[in-house]
Structures are given as structure tokens and as C-alpha cells.
Amino acid sequence: MPIQIFCSVSFSSEKEAPGSLGHVWSPHQQQQRDNSESEEEEEEKEKEAARKEAREDDLPMDLVAFASSCTLHGASHVFVEGGPGPRQALWAVAFVVALGAFLCQVGDRIAYYFSYPHVTLLDEVSTTELAFPAVTLCNTNAVRLSQLSYPDLLYLAPMLGLDESDDPGVPLAPPGPEAFSGEPFNLHRFYNRSCHRLEDMLLYCSYCGGPCGPHNFSVVFTRYGKCYTFNSGRDGRPRLKTMKGGTGNGLEIMLDIQQDEYLPVWGETDETSFEAGIKVQIHSQDEPPFIDQLGFGVAPGFQTFVACQEQRLIYLPPPWGTCKAVTMDSDFFDSYSITACRIDCETRYLVENCNCRMVHMPGDAPYCTPEQYKECADPALDFLVEKDQEYCVCEMPCNLTRYGKELSMVKIPSKASAKYLAKKFNKSEQYIGENILVLDIFFEVLNYETIEQKKAYEIAGLLGDIGGQMGLFIGASILTVLELFDYAYEVIKHKLCRRGKCQKEAKRSSADKGVALSLDDVKRHNPCESLRGHPAGMTYAANILPHHPARGTFEDFTC
């Protein structure tokens, strides 16, 4: 069985000849042995200090050192060497109060940002020319009495509130060719044939000082029947422009409303009208007229002045506003508008519930009969408008053009002009006073208004407010935040890596504790014999001790 001998070896640069290992230690050798042991202890202490210093180098900066170098104001007064004191406590209270005020302000700013506030900006922009709007006008009476025959009256009786057994009390026209054609009665054809004709109503027309006529108008059907639109921009007609503002630089028309052609009122229905005059709507060419709800009335016997101003509205989408950049998903209209959406929705609603459509509605569904008007169409539309708020939900477009209006009126004709106008149009003075009206539409000034919604508080404002509050209360910046994150990273990194580094240090220190030699190794080298006659100053080979290179004179070998 091999015997292992543990040896402690020390080296010295002194050139002293060792004594024989077989003799007893002399005083001088004993002193050398003690010196060797003390040197070994010092070396162990130095190694331990070096390892401790290496571990301390791995530790992150302590909190006091970090606070003294951090750009966060007040931290260097709170975290100091020697522990907390009254001064540090006061600084800590001040720092906490400032930090709380800062966080309170930041919370308020963040809550305000997420309330998505907006402001409305109003601006007026001057221009050299403006596109003139479309002007739609309708006579409040849908059917001329002179075009109504007895078969027509029987057919329209449900819409007019007349019982078939009642006497109409007015002379009626003879039946037309349609009464004997054998074709089913069509309400659209009837309105087209019996409504007031523009050629009969229009007595005078002028646009920007130049003449105009019925050819400048387009036919459109509304709830009032057959109506007419000036400057519609359809059928390849260019949109008219105006170069000046004020009276005489727009549309001026004189109309005869033909009250003697109005139908008597036999009963109250949705199609019955008690008014005399025309309904007018000023709108963009990109939207259809919705004159029964958006039009204004013009009475006979007056000249009505309408001063317009174009308004371009720009709304914000959610969450700042309610508009939506929607496209018109319709087979009837090319561009989206609220009126187009409502007409499209009402058409679909009637087709689904009544299997027909009204005269003014687009599409290819059959027109409703007067019975369907009374029994289904009118009640369905009333229900849709008044109660069913979920079926027709028309979103506000983000870009919209509308026209503001200011109306003023004067009496026409005057006593001085009544005879002249009666003679000119071959009518009586009473007829002129009861049927003639003048409508003058123009731009007040040659500019337009922009009404635009803007975000009142954006992310740049939020960051600016947070930065200002941060600098005011705690004297910090975004780089200070990065410093805090960097310090936290170093602390976490050290705690995660510390255990692995300690294990490596333990492995390195265990390699310095000594060397184990077997008895055969000692005999093979025979160091004790050679020491007796070894000359002074001679060194041993480097491989006498494994892993130990030659470092100087072999001074002491203890077995």
C-alpha cells in the first residue's frame, strides 16, 4: 500500500546550504523554519486579501456612492456615510413630499391626456373665386289641379284624405291617354306629368348679371314630388363659379308659384300641405337634396335675400371626435354624405318592410301605390325617424362642406310697381301680390370659413409637462431615469452572478493548499542523501515537485 507524504515547501532567494535531514533541527534551522511558517501565513493573508479585493471589485457601486454621483437632486443629502441623522431625515421628508407632488401632477396629466380633449379652430380664408352651391327648389304643392282627372283623383284619394264617395267640389280635367293605355298606374309618371313645370313658374333668371333659364336646372324628385336643382353639376354640366360677393353676383330668380293650381285640402295626411310658396335648399353638389327636412321656405309677395358663406368643416376621428372616414357602400350614391346615407337607409328600410319605395328614393324596386303610402310607407318612415335610432346610424364624415345662411326680406310688389308687373305678366295686381316672389342667393364676401377640430393635448405636450414637473419637483431628467435603471440592473446582475463567482474562487484557492507525494517519488529522487553533500547555491530541478517551477535556492525540505 503506497504511503503519501504531505510536504510543505518554501523557497528563498538566500544562498544557504541546507543541513542534513537526518539531524536534529539546530537553533538556526529552527529560526528559519519559524520564518518560513510566518512567511507562509503572510502569503495566505495576502492571497485572502487579494481574493477579497477581487470580490469587492465585482460588487456594484453602493447606494451612498451612487447617490453622491446621481443627478437626482436631494438623493446625495439623504444617503450619506455614517448613517441617517436629523438632517438626513428632513431631506428625506422633503424628497418624499416633492416626489409625491410630482407623481400627483403626472397622474393628472396622464388622465387629462386619456380624456382625449380637442379644441375647435375657426379661420376665414380669402380667395379669388368660389364654387357656387347647388340650389334645389320645390313648390309646396305637388300636383296641379288642372292636370288632375277623375281616375287620378280616385287613385290618389288615400294620399289626399278623400273618400271615394265624397264630391271633390272642383272641376277636374278629362282623363288623359294613360287612363286608356291599360298600363298599371305609376306614381312616378303621374308626378312627372302633373307637377308644376319650371317653364311655367320661372319668370326671370339671372346669374352673375347674365341670363339663365330652365336649361340651367336639373330635375330631381323629393318628398314634394318633382323639383329642380340649379348648378347640380350633373349630366356633364360644369359647376359654376363666382368671382365677386354681394347682391347681383349670384342667382336671382322670379317665380310664379301658381296658387290657383293648388289642390284643395280634403283631409290631413302626410302628403297634405297647408303652405303656399317654395322650399329651398342650398347644398353641395356632392350630396343629394333632403329638402323636406333641411330646406327653408320662401313666401310669395316678398323678395328674399339669402347671403351665404361656405363653411368647410374638419372633424376628428375617435377617440377625440365622432367622425369616421367612411366610404359610401351604396349602389345609389358615389360619395358619402349624411343625407345620402339617410336616403339610402330609408330606401332599404321601406323595401324590406313594404316591398316598395317612394317616388324620391333611388333603386329598382317598384314604386309604392297610394294605399301603400298610407298604410305602410308613411308610418314606417315616421317610426324610423322618431323611434328606431339604431337602424339608420349615419356617421359624421370627417370632411364636410355646408353653407351658412342669413335671410332678409322686403315686400314685393310695391304699390308703385304692382300695375307695371300686372301689365308685364298679364295678371291682376292681386295675383301678383299672391303668387310672385323673388329669390336672390349670393355670397356675402368672397371667402370661406374653416371650422377644424384639433387635438388639444398630444403626446408631445404630455412628455413636455412630465419633463417640466420632473425638473421642478425632483430636478431629474430622462437621463436620471436611465441612471436609476442602470443601477438596478447592476444590483440584479450582481445578485444573480455572485454564487457562481464564489464557487470559482473556492476552486482557485483549493489549488494552493499543498502537494501530495508518494513514497516512491521521494525514494526515486532521494533528496535526503543528496542534501548532505549538496553544494551551496545549487538548485533542484523544476520537476521535483509537480506544478512547482524553480523559484530560487532550495532552502528547506521537511518530511
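The chain comprises 16 helices and 17 strands in what is a predicted model. Of its 559 residues, 37% are buried. Among contacts with a separation of 6 or more, 76% link residues 24 or more positions apart.

**Nonpolar cores**

- The largest nonpolar core has 32 residues, and L251, V280 and I441 touch the most other members.
- Strand β15, which spans residues 436–455, contributes six residues to this core, the most of any element.
- Leaving aside residues up to four places away in sequence, I441 is in contact with F132, V135, G250, L251, V280, I282, V306 and C308. Two of these partners, L251 and V280, are named with I441 as touching the most other members of the core.
- A separate core of 29 residues lies apart from the largest one and includes F190, C368, A377 and L381.
- As background, nonpolar side chains in soluble globular proteins tend to be buried together.

**Packing of helices α5 and α10**

- Helix α5 (residues 150–160) packs against helix α10 (residues 370–386) at an angle of about 15 degrees, and the two axes are 7 Å apart.
- Because angles under 35 degrees count as roughly parallel, α5 is classed as roughly parallel to α10.
- The crossing of these two helices is left-handed.
- On the α5 side the contact is made by Y155, L156, P158 and M159, which meet P370, E371, Y373 and K374 of α10.
- The residues of this contact divide into six nonpolar and two charged, with no polar residue.

**Residue Q105 in helix α4**

- Q105 belongs to helix α4, which covers residues 86–113.
- Its relative accessibility is 31%, so Q105 counts as partly exposed; that class lies between the cut-offs of under 20% for buried and over 50% for exposed.
- The C-alpha atoms of Q105 and I466 are 8.0 Å apart in space, although the two residues are 361 positions apart in sequence.
- When residues up to four places away in sequence are not counted, Q105 touches Q469 and F473.

**Cis peptide bonds**

- For reference, most peptide bonds are trans, and most residues other than glycine have a negative phi.
- P318 and P319 are joined by a cis peptide bond, with omega of about 5 degrees. P319 is located in the loop between β13 (302–314) and α9 (338–354).
- A cis peptide bond also runs from I412 to P413, where omega is near 0 degrees. P413 sits in the loop between β14 (399–411) and α11 (415–425).

**Positive phi in residues other than glycine**

- N231 has a positive phi, near 60 degrees. This residue is in the loop between β8 (225–230) and β9 (241–242).
- With a relative accessible area of 5%, N231 is buried, because the cut-off for that class is under 20%.
- N426 likewise has a positive phi, near 60 degrees. It is part of the loop between α11 and α12 (429–435).
- N426 has a relative accessible area of 70% and is therefore exposed, whereas N231 is buried.

Notes. Residues numbered from 1 in each chain as written. Predicted model: local features only at pLDDT ≥ 70, side-chain atom pairs only at ≥ 80, totals over all residues. Heavy atoms only, no water. Core = buried A, V, L, I, M, F, W, Y, C linked by side-chain atoms within 4.5 Å. Buried < 20%, exposed > 50% of the residue type's maximum accessible area, 1.4 Å probe, protein only. Helix = DSSP H or I, 4+ residues; strand = E, 2+ residues; numbered from the N terminus. Contact = heavy atoms within 4.5 Å. Axes fitted to C-alpha atoms, helices over the stretch in contact; angles between N-to-C directions. Parallel < 35°, antiparallel > 145°, perpendicular 65-115°, else oblique. Left-handed = near helix turned anticlockwise from the far one by under 90°. Nonpolar A, V, L, I, M, F, W, Y, C, P; charged D, E, K, R; others polar.
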